[in-house]
Amino acid sequence: MRYTTAHWGIYEVGQGAKGPRLTPFRDDPDPSPIGLHQLAPELMATRVRRPAIRRSWLEDGPGAHPERRGREGFAEVSWDEATRLVAAEIDRVRKAHGNEAIFGGSYGWASAGRFHHAQSQIHRFLNTVGGYVAHRDSYSLGAARVLMPHIVASMDELMKDHTSWPVLADHCELFVAFGGVPAKNAQIAAGGVGRHQVRAGLRAMAQAGVEFVNISPVADNLDTSGPVEWIPMRPGGDTAMMLGLAFAIHEAGAHDVAFLERCCVGWPLFEAYLTGRSDGTPKTPEWAAALCGVPAERTRALAARMASKRTMINVAWALQRADHGEQPFWMTVTLAAMLGQIGLPGGGFGVCYGAENTMGTPHAKLRGPSLPQGRNAVRAFIPVARIADMLLNPGAPFRYNGGDHVYPDIRLIYWAGGNPFHHHQDLARLDKAWQKPETIVVHEQFWTAAAHRADIVLPATTAMERTDISYATLEGMLVASTPVIEPVGEALDDHEIFRRIAAHSGCEEAFTEGRSADDWLRHLYDVMRRSWSAEGVELPDFDAFLEAGAIDLSAHDTPRVMLSAFRADPDAAPLPTPSGKIEIASDTIAGFGIPDCPGHPVWLEPVEWAGAEAASRYPLHMLSDQPARRLHSQLDPSPYSLAGKVDGREPICMHPQDAADRGLSDGATVEVFNDRGRCLAGLRVSGDVMPGVVRLSTGAWYDYDAETGVERHGNPNALTADRPSSGLSQGCTAQSCLVEVRAPVDPVKAHRAFVPPAFA
Ligand SMILES: Nc1nc2c(c(=O)[nH]1)N[C@H]1C(S)=C(S)[C@@H](COP(=O)(O)OP(=O)(O)OC[C@H]3O[C@@H](n4cnc5c(=O)[nH]c(N)nc54)[C@H](O)[C@@H]3O)O[C@H]1N2
Ligand SMILES: Nc1nc2c(c(=O)[nH]1)N[C@H]1C(S)=C(S)[C@@H](COP(=O)(O)OP(=O)(O)OC[C@H]3O[C@@H](n4cnc5c(=O)[nH]c(N)nc54)[C@H](O)[C@@H]3O)O[C@H]1N2
Ligand SMILES: [Mo]
């Protein structure tokens with residue numbers, strides 16, 4: 001059998017009347033439709049076909065008219081000319097400014113295959129030419145990745161260790177979700193999905209009688225096919241609600257003192273804060289109600305249930321992509337520690353079931369193949385979401401995880417496998433910052449907003465045009481992804497593009513180690529095969545693997561209970577924290593002296609939320625969650641994504657009362673605006689969002705109309721703030737965003753997001 005793999009699943013490759021046809025993987029109980037349309041003509045029309053250079057850059061060289069980026073046409077050139085120009089430009093920048101002037105962070109969700117993973121390729125390449133400014137952490141988990149190792153364990157470890165679904169069905173009695181368990185998000189896993197399991201996992205729990213409570217501004221992100229109690233929660237209010245729950249549990253004397261003493265440090269300090277002994281404010285459910293909008297009786301009733309049942313607390317990642325995003329995560333761990341069920345089957349906390357398919361699988365933790373990246377000679381880095389700050393403020397200081405750092409002065413941006421004009425907040429600000437570098441090189445498959453704004457665009461193949469090994473740890477499958485179609489236009493694999501540039505730069509041997517792409521695949525496979533063999537997992541040789549197409553690893557399944565070894569014996573199996581225990585208070589973080597992230601979880605008023613002064617002008621809290629019909633901006637022009645739009649624009653969901661108050665009706669084109677920007681969207685009126693909240697999912701290709709200043713397609717990052725979550729993590733705060741919605745002010749124009757640029 002032949003397969004092609006992607007972050008959203010494995011697809012079988014067959015032959016249709018008009019060419020290759022993709023069908024879902026037959027062993028997948030709940031396949032994602034997202035990838036079925038990868039061959040759609042609508043998508044193909046947006047492919048980059050030949051190397052392209054921005055006109056002014058080609059005519060006048062690096063730094064020419066940066067204000068025209070995204071606004072002028074390109075000239076198509078040969079591969080030889082394009083790769084020579086890139087090699088020469090890297091050389092110029094290195095000699096004139098050093099490798100610290102090259103930003104190669106290149107964040108993004110490129111290919112699921114492990115060899116053709118664009119990030120690995122670009123980092124390896126840039127290391128062979130002397131290094132680059134890297135990024136730390138992710139947009140997904142900016143705050144949590146920095147916080148969690150201080151207080152429990154790294155996010156990567158925790159994600160691999162989630163208590164398995166069957167264990168939850170057998171032992172959990174009450175599942176309390178902050179932000180749901182969005183099955184729409186579990187269509188996906190970084191590196192590929194084997195069998196989609198979240199819907200079945202939830203259903204089995206419901207059938208086993210588990211009670212579900214969803215504390216969330218939206219109702220439709222937890223579907224168990226059974227009853228779910230929805231507690232509408234003002235966005236950004238979760239930490240207050242959790243403190244209210246903690247207070248009620250403590251007041252009833254239901255907190256597990258033995259667990260807190262045996263497995264945690266810092267409880268007394270937090271207890272003094274909770275009761276108000278240290279700051280004069282007891283964090284009562286009544287106190288919380290004024291902040292989070294949940295009536296105190298409801299909080300007390302839930303606290304009593306949580307204390308009397310085997311309770312799993314799940315927190316969505318979205319909660320930490322917000323002002324002070326560390327706090328809801330730290331408070332989740334603290335609340336679970338108070339219940340004393342961490343490490344017991346069906347109890348404790350999850351971070352987060354549903355964010356990807358992976359969490360809760362019983363599959364073996366095996367290391368997939370990865371391309372060695374070499375050593376980066378440049379020390380300078382940025383927290384990933386501080387890119388616009390870096391470009392706008394070279395030489396300015398910033399704090400990160402307790403350290404003091406300085407923004408480098410970037411002259412060259414090199415991107416492969418990500419779309420900053422999808423993922424960054426306040427895209428008008430990024431557009432300005434984007435004018436600073438002298439040169440921007442992008443490898444892309446599609447004419448995305450980032451490709452439009454580059455100086456040199458090099459066409460990359462998709463996973464459907466190459467052979468690769470696809471394996472995400474915990475997916476229980478090892479899959480050979482095989483070519484489905486010929487490369488589109490003159491597209492080349494990222495690896496081949498870098499090889500050609502390396503040849504012009506005189507470092508081809510260092511980059512390839514004398515291996516062809518095929519040699520690399522065999523080599524990476526053999527390394528993996530040897531290391532798995534040492535763990536008792538035998539794989540066939542590479543050719544037999546290619547022949548088989550997919551290898552099922554579920555025979556090696558090992559159902560898990562998160563942190564069970566630690567709970568059983570904290571001295572024998574300590575956590576990787578400074579104390580070896582769960583840190584309800586952290587001396588390390590307290591020692592950093594960061595005002596917006598002190599040494600234990602606290603309520604800190606979000607900068608932007610319904611309780612802020614700005615809410616008098618912008619009374620709607622806009623959530624920009626992950627899109628159900630695509631992966632971020634990927635495949636947005638596909639028929640499946642288009643089918644979810646309203647008049648070709650991204651839908652914005654609004655409560656019926658809010659719509660009525662504004663005289664707006666379902667299906668109307670509306671303008672969403674705040675001080676940072678304006679965008680058009682298609683109104684969907686729905687009782688699934690609470691009053692005062694609107695939801696505009698991410699990923700509509702950014703289409704800014706310079707004439708009117710309006711984004712025409714419904715991209716929420718025209719409106720979000722580019723503000724760090726805290727001085728600890730510097731994470732992104734996409735979810736802390738206030739807007740207002742009205743009928744469009746200017747005449748409505750069709751969007752041009754999917755139109756490739758003009759070519760000379
Ligand atoms: N407002 C708001 N913004 C958000 C978020 C939010 O919740 N709200 N979420 C954030 C999160 S969690 C994330 S992870 C980011 C996601 O941000 P990104 O990962 O940057 O988004 P993608 O659309 O997946 O972009 C991947 C790009 O890589 C290209 N690509 C794919 N495969 C290859 C390849 O093999 N080679 C090359 N050269 N290119 C390839 C695709 O065409 C696509 O343009 O967005 C963040 N932005
Ligand atoms: N289909 C699809 N799946 C995806 C992705 C995709 O683009 N498409 N992206 C993947 C990636 S990169 C990531 S990082 C994960 C992200 O996973 P998450 O961050 O967990 O996903 P979101 O959909 O942004 O948010 C989850 C839920 O939290 C709710 N929420 C938002 N703010 C608050 C709040 O203040 N309080 C409470 N209680 N709830 C809130 C949202 O309404 C939403 O229903 O998803 C992954 N899965
Ligand atoms: Mo993400």
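**Conventions.** Helices (H or I, at least four residues) and strands (E, at least two) are DSSP runs, numbered from the N terminus. This is a predicted model, in which local features need pLDDT of at least 70, side-chain atom pairs count only at pLDDT 80 or more, and totals for chains, interfaces and linings use all residues; side-chain values use heavy atoms, with hydrogens and water left out. Residues are numbered from 1 along each chain as its sequence is written, while chains are lettered from A and ligands numbered from 1 in the order in which they are written.

**Backbone.** I looked up Asp647 first. Asp647 sits in the loop between α25 (639–642) and β25 (651–654). Its phi is positive, about 50°, although Asp647 is not a glycine. Next I went to Cys352. I place Cys352 in the loop between β13 (348–350) and β14 (381–383). The peptide bond that leads from Val351 to Cys352 is cis, with omega near 25°.

**Helix packing.** Two packed helices are described by the angle between their axes and the distance between the axes. Axes here are lines fitted to C-alpha atoms, for helices over the stretch in contact, and angles run from 0 to 180 degrees between N-to-C directions.

I took α12 and α13 as a pair. Helix α12 covers residues 285–292 and helix α13 covers residues 296–308; they pack at about 120°, with axes 8 Å apart. That angle makes α12 oblique to α13 (under 35 degrees counts as roughly parallel, over 145 as roughly antiparallel, 65 to 115 as roughly perpendicular, the rest as oblique). α12 passes α13 in a right-handed crossing. Pro285, Glu286 and Ala289 of α12 make the contact (heavy atoms within 4.5 Å) with Ala296, Thr299 and Arg300 of α13. By class I note three nonpolar, one polar and two charged residues in this contact. Ala, Val, Leu, Ile, Met, Phe, Trp, Tyr, Cys and Pro count as nonpolar, Asp, Glu, Lys and Arg as charged, and the others, Gly among them, as polar.

I then followed α13 to α9. The axes of α9 (residues 238–251) and α13 cross at roughly 60° and come within 9 Å. α9 is therefore oblique to α13. This crossing of α9 with α13 is right-handed. From α9, Met241, Gly244, Leu245, Ala248, Ile249 and Glu251 meet Thr299, Arg300, Leu302, Ala303 and Met306 of α13. The α9 and α13 contact divides into seven nonpolar, two polar and two charged residues. Thr299 and Arg300 also take part in the contact with α12.

Last pair: α5 and α14. Helix α5 (residues 142–151) and helix α14 (residues 326–339) cross at roughly 35°, their axes coming within 9 Å. I read the crossing as right-handed. Ala143, Ala144, Leu147, Met148 and Ile151 of α5 meet Glu326, Phe329, Trp330 and Val333 of α14. The residues here are eight nonpolar, no polar and one charged.

**Ligand 1.** I find 34 residues around ligand 1 (a heavy atom within 4 Å), with His423, Glu444, Asp494, Ser633 and Gln634 the closest. I checked polar contacts (N or O pairs within 3.5 Å). A polar side-chain atom of Ser633 is 2.5 Å from an oxygen of ligand 1. For His423, a polar side-chain atom lies 2.7 Å from a ligand 1 oxygen. A side-chain N or O atom of Gln445 is 3.2 Å from a nitrogen of ligand 1.

**Ligand 2.** I find 32 residues here; Lys184, Asn185, Asn221, Asp238 and His632 come nearest. A polar side-chain atom of Arg321 lies 2.8 Å from an oxygen of ligand 2. Gly236 places a backbone N or O atom 2.9 Å from a ligand 2 oxygen. A polar backbone atom of Gly179 is 3.5 Å from a nitrogen of ligand 2.

Notes
A crossing is left-handed if the near helix is turned anticlockwise from the far one by less than a right angle, and right-handed if clockwise. A polar contact is a pair of N or O atoms within 3.5 Å; within protein, one must be able to donate a hydrogen and the other to accept it, and residues adjacent in sequence count only if both atoms are side-chain atoms.
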